[in-house]
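Please look over the sequence and the model shown here before reading the notes on the fold.

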Amino acid sequence: MSFGEPEGYDGDARPRPLGRRGASRAAAAAVCLVLGLGLISGAVTGSWLVGGSGEEGSPSTFAAAGSLWHSVPVDQLFPPTVQGRGAGPGGADRTWTRIAVAPDSGCKDAFDPLLRKALAPVGCERLLRATYTDATESYVTTVGLLFTTADAPGMTALANRFRRERLDRRSDLMPLPYAAKGTPAAGFGAPQRASWTVSVLTEAPVVVYAVSGWADGRTVDDPQPARDAVEADATTAAAQAGLGNEAQGLADRVERDFRRNVRSASEQPS
């Protein structure tokens with residue numbers, strides 16, 4: 001029998017002190033609480049960097065994201081080759097090859113007037129663009145990263161407006177392509193736009209977009225937003241050709257690479 005500690009009985013009816021077991025249980029509970037809080041904290045801090053939570057990131061991460069246009073090589077923002085596993089219609093794989101990179105610039109003459117007006121509240125720090133073609137050189141897609149001058153509340157306000165008013169579905173707010181002479185995208189102008197996507201990030205001062213079309217320069221009378229064109233029952237020419245998948249798939253992967261670059265930049269010692 002022990003003194004100074006309450007007793008209980010084990011499975012064989014032998015007396016045992018309760019104090020040690022109670023203390024061990026309390027210690028275990030404390031450890032679980034600390035670990036749980038650590039896991040939750042880590043998830044909140046890093047979730048958007050690895051998958052896109054849609055929540056605002058920390059101020060330091062937001063600032064790091066806004067500076068990547070001049071600190072990260074173009075091959076990291078727009079890789080020469082992009083693999084799109086399962087990105088095509090029916091889950092088919094895609095491979096995109098970069099055929100042109102536009103000089104980094106401001107936004108003057110880079111957007112149609114209505115889209116320029118819609119984006120005006122967040123400003124324009126820098127615009128980076130690249131154009132890709134698929135493995136068969138049948139399609140061309142321009143993907144862009146618009147680095148804004150807005151703070152986190154400003155980006156959230158714009159994202160809410162795009163979502164509320166469905167601005168990413170309006171054909172009069174399609175992004176312009178970047179055509180380059182001597183490439184399959186030489187004839188990729190405004191009339192050739194077939195499908196597009198626009199994503200306003202809230203955890204970074206960046207708007208990611210992509211616009212796709214045929215490489216043979218044919219005009220398109222019924223462009224369709226990528227979100228609708230990838231649906232199984234979509235019947236437009238753009239949807240049937242998989243051009244919604246081209247725009248959405250490439251934009252998603254460029255955005256994913258961008259997030260990785262932000263994570264790397266934010267983890268570097270100051």
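The report below covers the sheet, the disulfide and the nonpolar cores.

This is a predicted model, in which local features need pLDDT of at least 70, side-chain atom pairs count only at pLDDT 80 or more, and totals for chains, interfaces and linings use all residues. Residues are numbered from 1 along each chain as its sequence is written, and side-chain values use heavy atoms, with hydrogens and water left out.

**Sheet**

Helices (H or I, at least four residues) and strands (E, at least two) are DSSP runs, numbered from the N terminus. Two strands pair if DSSP finds at least two bridges between them. An open sheet with mixed pairing is built from seven strands, in the order β3-β4-β5-β6-β8-β7-β9. Its edges are β3 (81–84) and β9 (224–225), each of which pairs on one side only.

| Strands | Sense | Bridges | A bridge pair |
|---|---|---|---|
| β3 and β4 (residues 94–101) | antiparallel | four | Thr 81 and Thr 97 |
| β4 and β5 (residues 126–134) | antiparallel | five | Thr 97 and Thr 133 |
| β7 (residues 195–200) and β8 (residues 206–214) | antiparallel | six | Val 198 and Tyr 209 |

Helix α6 (residues 152–165) lies across β7 and β8 and runs at about 140 degrees to β7. Axes here are lines fitted to C-alpha atoms, for helices over the stretch in contact (heavy atoms within 4.5 Å), and angles run from 0 to 180 degrees between N-to-C directions.

**Disulfide**

One disulfide (a pair of cysteine sulfur atoms within 2.5 Å) is found in a search of the whole structure. It is formed by Cys 107 and Cys 124, with their sulfur atoms 2.0 Å apart. The torsion about the S-S bond of Cys 107 and Cys 124 is about 80 degrees, so the disulfide is right-handed. Cys 107 is in the loop between β4 and α5 (113–119), Cys 124 is in the loop between α5 and β5, and the two are 17 residues apart. Cys 107 counts as buried because its relative accessibility is 12%, whereas Cys 124, at 30%, is partly exposed. Buried means under 20% relative accessible area, exposed over 50%, and partly exposed in between (1.4 Å probe, protein chains only).

**Nonpolar cores**

A nonpolar core is a set of buried Ala, Val, Leu, Ile, Met, Phe, Trp, Tyr and Cys residues joined through side-chain atoms within 4.5 Å. The largest has 27 residues, and Phe 111, Leu 119 and Phe 162 have the most contacts inside it. At least two residues each come from α5, β6 (139–147), α6, β7 and β8, and α6 gives the most, with five. Beyond its neighbours within four places in sequence, Leu 119 is in contact with Phe 111, Leu 146, Leu 158, Phe 162 and Val 207. Another core, of 26 residues, lies apart from this one and includes Trp 96, Ala 226, Ala 247 and Val 254.
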